[in-house]
Amino acid sequence: MDANIDEVWLSHDNWNGGIDTYNIVLKIPTDLFKSLKRRNAIEQAEAELYKCYADAMRGEGESLQIASVIIRPTTADVTQLGNNYNDRMWKPGYFRLFISHLSEHKESASNLKECLQNFGIDGFVAHEDITPSKEWEQEIEAALFSLDALCAIVAPAFKNSNWCDQEVGIALGRKKMVFPIKKGRNPYGFFGKYQALPNQRNANDMAQELTKAICVNEFTRDEYFTKLVNLVLNASSETTALKFIQVLSEAVYMDKQYVSLLHDNFASNLTIMKENVLEAVNPLFQKYGLNELQIVIPSNNQGDDIDLPF
């Protein structure tokens with residue numbers, strides 16, 4: 001069920017070494033949600049699931065806390081219950097892009113993967129991302145069933161590769177977006193309807209063009225911008241926050257809702273509430289008609305008669 005579950009970060013409290021609070025969102029098909037709703041079973045199911053999470057996390061300390069469990073209906077593709085694919089091959093919080101390629105283009109795929117990380121996108125390159133102790137077919141299958149989108153480096157011999165053909169087929173069958181890169185051949189068959197991205201002279205230029213395509217595509221932009229905003233909000237360093245703020249500032253076709261999400265939750269992470277970070281992000285807020293954020297310095301003017309516990 002992992003592919004149907006989202007951990008939505010809510011807040012961070014610096015007390016007692018730091019406490020992160022999350023909501024758990026379980027996505028279920030609309031028909032199933034309606035069935036539960038008719039039986040007035042939604043709240044009961046959410047309460048039971050919350051109890052299960054609380055039991056499972058006993059003894060883990062207070063650094064992670066679940067605020068609530070929310071069951072949400074969705075018309076999007078929902079992974080069949082019971083797959084429970086492992087998704088540990090992905091960088092936490094990044095947009096997940098499976099890079100399908102021929103072995104002769106492994107270097108191109110690896111270079112593209114490296115450059116994409118600067119845009120908050122984690123690329124999966126078969127054989128490079130598979131640990132030696134894992135069955136490689138099993139790991140590839142797990143990546144295919146937990147991806148957000150697939151990128152196909154379409155070379156002349158791409159169609160002759162059973163593996164590449166099946167990788168694209170699985171992504172299409174799961175109704176995930178496929179971004180073809182023309183490297184000597186046009187996309188064909190069921191993914192021939194997608195316009196191929198032209199091959200670029202270097203991996204960084206290719207990563208930029210691919211990121212633009214993800215930003216404007218109706219099937220990927222929501223997932224991408226939501227994850228990119230959360231990479232800023234959950235940043236553990238100023239450097240990381242600044243990197244992804246720049247990506248957001250240069251992004252095309254970004255709706256105001258994502259900037260509002262960033263604005264409303266920015267102050268909850270004290271690591272990024274620094275003068276240099278605010279100087280970088282406030283122009284973005286102004287561009288979308290939102291107020292600038294300021295560093296608030298707490299007052300030390302306390303009455304002599306206040307009895308503070310120690």
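**Close-up 1. Helix H3 (residues 106-116) packs against helix H6 (residues 203-216) at an angle of about 60°, their axes 8 Å apart.** This is a predicted model, where local features need pLDDT of at least 70, side-chain atom pairs count only at pLDDT 80 or more, and totals for chains, interfaces and linings use all residues. Residues are numbered from 1 along each chain as its sequence is written, and side-chain values use heavy atoms, leaving out hydrogens and water. Helices here are DSSP runs (H or I, at least four residues), numbered from the N terminus. An axis is a line fitted to C-alpha atoms over the stretch in contact, and angles run from 0 to 180 degrees between N-to-C directions. On the H3 side, look for Asn111, Leu112, Cys115 and Leu116; H6 brings Ala203, Asn204, Met206, Ala207, Leu210 and Thr211. Contact means heavy atoms within 4.5 Å.

**Close-up 2. Helix H7 (residues 221-233) and helix H9 (residues 256-265) cross at roughly 20°, with axes that come within 10 Å.** H7 and H9 are therefore roughly parallel (angles under 35 degrees). Tyr258, Leu261, Leu262 and Asn265 of H9 meet H7 residues including Phe225, Val229 and Leu233.

**Close-up 3. Here's the largest nonpolar core, with 78 residues.** Such a core is a set of buried Ala, Val, Leu, Ile, Met, Phe, Trp, Tyr and Cys residues joined through side-chain atoms within 4.5 Å; buried means under 20% relative accessible area (1.4 Å probe, protein chains only). Tyr224, Leu262 and Phe266 have the most contacts inside this core, and H7 gives the most to it, with 7 residues.

Note on methods: Helices (H or I, at least four residues) and strands (E, at least two) are DSSP runs, numbered from the N terminus. Angles under 35 degrees count as roughly parallel, over 145 as roughly antiparallel, 65 to 115 as roughly perpendicular and the rest as oblique. Buried means under 20% relative accessible area, exposed over 50%, partly exposed in between (1.4 Å probe, protein chains only).
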